[in-house]
Amino acid sequence: DIWPTQAEVQATVAECVTTEQFREKYARVYDENETWNNVPVSRSELYPWDERSTYIQNPPFFDGMTEQPPGFGAIRSARMLCLLGDSVTTDHISPAGRIEPETPAGQYLISMGVKPADFNSYGSRRGNDRVMTRGTFANVRVKNRIAADGDKQPEGGWTRNFTKGNTIADAPVEYIYDAAMDYKRAGIPLVVVAGKDYGMGSSRDWAAKGTMLLGVRAVIAESFERIHRSNLVFMGVLPLEFKDGQTATGLGLRGDEIIDIDIPETVEPRMDVTVRATAPDGKVTTFDCMLRLDTPVEIEYCRNGGILQTVIRKKLNEAKQMA
């Protein structure tokens, strides 16, 4: 048997590996690598964001952040961005694969001077929110029922833009990102409605980040995958669950309804909230959902607009107390 025993290994390490070796090596750690030391850097405590970069950008998570938490309140006159079925995965929501030239993400890269051959993938550009937000719900296998034309169900990142029409019949079909930006400019909040196991698959952070950056305030589903529900909460997006076996199909939702969600200012874990869907003909469908904020900590995250804002406000308060 030529394999050494553990005692022999430890004896050799004790004899050959010394403290002085580490001290000697690390004493020159900042001087020995000439190539690394010649890389041009900015002498600043803040990262110098480059607007020309197509790989890393300063994400707008803190844009418009106020010193005081926004708190809770009713969501009024929202529009449905997506009406989805069962088993929507995080890859459906935030694909990691190829970027097609004709998509919003592809057109953005072309506008930045990137040739299609150099697009790389969504996964490789996950440091750039301008790519990833445009890629949200852009998976070529997404089936958004709002974009359907009768029995014809297109696949891909399509929806109907209800800033340009009020009904399924007259609202044009557009890329989800383009429609979401029109809603944002008009000050219209958005919701996503789905079936069972929404967000199943890998715990892809951009599936929640991109959803929030599109302007989605709430996701209403029959059930959620555990980690994705948590990630939505971390980004300040409210997860709501249908109750008593109700479904979007059973309620007759088509996607062109105006959605109102009664969120009170004081929220309790797993409380019921009322949702009203008003169809273009004036018909109102009212149903209750469970607000899937399961703990007081999750309530605090959403009261602040997300975990990032919660941490920043906590640090600011600590700094004030120390001043």
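Predicted model: local features only at pLDDT ≥ 70, side-chain atom pairs only at ≥ 80, totals over all residues.
1. Some ground rules come first. Local features need pLDDT of at least 70 and side-chain atom pairs count only at pLDDT 80 or more, while totals for chains, interfaces and linings use all residues. Residues are numbered from 1 along each chain as its sequence is written, and side-chain values use heavy atoms, leaving out hydrogens and water.

2. Seven strands form a closed barrel in the order β1-β4-β5-β6-β9-β8-β7, with mixed pairing. Strands here are DSSP runs of E with at least two residues, helices are runs of H or I with at least four, and both are numbered from the N terminus; two strands pair if DSSP finds at least two bridges between them.

3. Look next at one pair in that barrel. Strands β7 (residues 258–262) and β8 (residues 272–278) run antiparallel and are joined by five bridges. Ile258 has Thr278 in β8 as its bridge partner.

4. Two residues deserve a glance for their backbone. In the loop between β7 and β8, Arg270 has a positive phi of about 55° although it is not a glycine. Ser77, in strand β1 (residues 75–83), also has a positive phi, near 55°. Arg270 is partly exposed, with a relative accessible area of 40%, and Ser77 is partly exposed at 43%. (Buried means under 20% relative accessible area, exposed over 50%, and partly exposed in between, with a 1.4 Å probe and protein chains only.)

5. Helix α7 spans residues 176–186, and its buried residues include Ile176, Tyr177, Met181 and Tyr183. Just after α7 comes Gly187, with a positive phi of about 70°.

6. How do helices α8 and α9 cross? The axes of α8 (residues 205–213) and α9 (residues 226–234) come within 9 Å and cross at roughly 40°, the axes being lines fitted to C-alpha atoms over the stretch in contact, with angles from 0 to 180 degrees between N-to-C directions. The two helices are therefore oblique to each other (under 35 degrees is roughly parallel, over 145 roughly antiparallel, 65 to 115 roughly perpendicular, and the rest oblique). Asp205, Ala207, Ala208 and Thr211 of α8 make the contact with His228, Asn231 and Leu232 of α9 (heavy atoms within 4.5 Å).

7. Finally, the cysteines. The whole structure has zero disulfides, a disulfide being a pair of cysteine sulfur atoms within 2.5 Å. Cys289 is buried, with a relative accessible area of 0%, and its sulfur is 15 Å from the closest cysteine sulfur, in Cys302, too far for a bond. Cys16 is partly exposed at 44%.
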